[in-house]
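Hi,

Here is the structure I promised to send over. Have a look at it first, then read on for what turned up.

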Amino acid sequence: MHQPDVLLVVKEALSESPYFCNVEADFHARVPVVICKERKSGLICKVSAGNENAFQTTSYLSALANMERLLLPLVLGLRHWAQICEIDRPEEGGLPPYVFALMVIFYLQKRKEPLLPTYLNQGVCFLFFFTFLLGNK
């Protein structure tokens with residue numbers, strides 16, 4: 001199945017889901033995406049297909065979230081705050097959602113007593129690459 005076909009299937013599935021609303025597709029973007037809003041939190045979600053960088057980034061974030069249970073609620077809380085303040089819209093001069101995850105990760109790494117290791121820490125690299133390898137099979 002080719003990228004446009006995958007995104008059409010994703011768009012249809014999200015449109016029928018009770019968990020998402022405002023489902024749209026932007027096939028003319030630099031990286032074609034399906035954009036939707038999660039009903040409960042109101043957060044915007046962008047889904048792409050065939051984007052290796054997005055896959056690696058998601059794998060890394062997932063590995064870190066598995067290491068520290070506070071990461072996900074802190075990221076969601078910061079993103080919700082950014083949405084309320086209307087600073088989460090890069091198309092309007094704001095910051096992309098991924099930046100808020102990076103801010104929380106940096107904070108958790110640089111605390112006096114770090115809750116997350118830095119990226120170059122062997123444990124994170126091993127877990128990230130192991131997750132990446134499993135995802136490509």
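The side chain of Arg-79 reaches the backbone oxygen of Ile-44, at 2.9 Å. That is a polar contact, meaning a pair of N or O atoms within 3.5 Å; within protein, one must be able to donate a hydrogen and the other to accept it, and residues adjacent in sequence count only if both atoms are side-chain atoms. Before going further: this is a predicted model, where local features need pLDDT of at least 70, side-chain atom pairs count only at pLDDT 80 or more, and totals for chains, interfaces and linings use all residues. Residues are numbered from 1 along each chain as its sequence is written, and side-chain values use heavy atoms, with hydrogens and water left out.

Back to Arg-79, which is found in helix H3. Helices (H or I, at least four residues) and strands (E, at least two) are DSSP runs, numbered from the N terminus. Is Arg-79 buried or exposed? Arg-79 is buried, yet has no salt bridge. For burial, the cut-offs on relative accessible area are under 20% for buried, over 50% for exposed, and partly exposed in between (1.4 Å probe, protein chains only). A salt bridge needs a side-chain nitrogen of Lys or Arg within 4 Å of a carboxyl oxygen of Asp or Glu. For Arg-79, the nearest side chain of opposite charge is Asp-88, 6.0 Å away; for charges, Lys and Arg count as positive and Asp and Glu as negative, while His and the chain ends are not counted. Not counting residues up to four places away in sequence, Arg-79 touches Leu-43, Ile-44, Pro-97 and Phe-100, where contact means heavy atoms within 4.5 Å.

In one, the side chains of Glu-86 and Arg-89 meet at 3.9 Å, N to O. In the other, Glu-92 meets Arg-89 at 3.6 Å, N to O. These salt bridges share partners and join Glu-86, Arg-89 and Glu-92 into one network. Arg-89 counts as partly exposed because its relative accessible area is 27%, whereas Glu-92 is exposed, at 58%. As background, side chains of opposite charge can pair when their charged atoms come close.

For context, most residues other than glycine have a negative phi.

Cys-21 lies in strand E1 too. With a relative accessible area of 18%, Cys-21 counts as buried because that value falls under the 20% limit. Leaving aside neighbours within four places in sequence, Cys-21 is in contact with Cys-36, Lys-37 and Arg-39. The C-alpha atoms of Cys-21 and Ile-44 are separated by 9.7 Å, and the two are 23 residues apart along the chain.

Now for some leucines. Leu-61 lies in helix H2 (residues 52-67) and is partly exposed, at 23% relative accessible area. Leu-61 touches Leu-71, Tyr-98, Ala-101 and Ile-105, again not counting residues up to four places away in sequence. Its C-alpha atom is 9.2 Å from that of Leu-102, 41 residues apart along the chain. Leu-74, in helix H3, is partly exposed at 37%. Together, Leu-70, Leu-74 and Leu-115 make a nonpolar surface patch of about 200 Å². Patches are made of residues with over 30% relative accessible area and no salt bridge: like charges are joined within 9 Å, and nonpolar side chains (Val, Leu, Ile, Met, Phe, Trp, Tyr) within 5 Å.

Finally, the overall picture. The protein has five helices and three strands, in the pattern α-β-β-β-α-α-α-α along the sequence. Of its 137 residues, 25% are buried. The protein exposes about 9,500 Å², with carbon and sulfur atoms supplying 60% of it; accessible areas come from the Shrake-Rupley method with a 1.4 Å probe, and for residues only the protein chains shown count as cover.

Cheers
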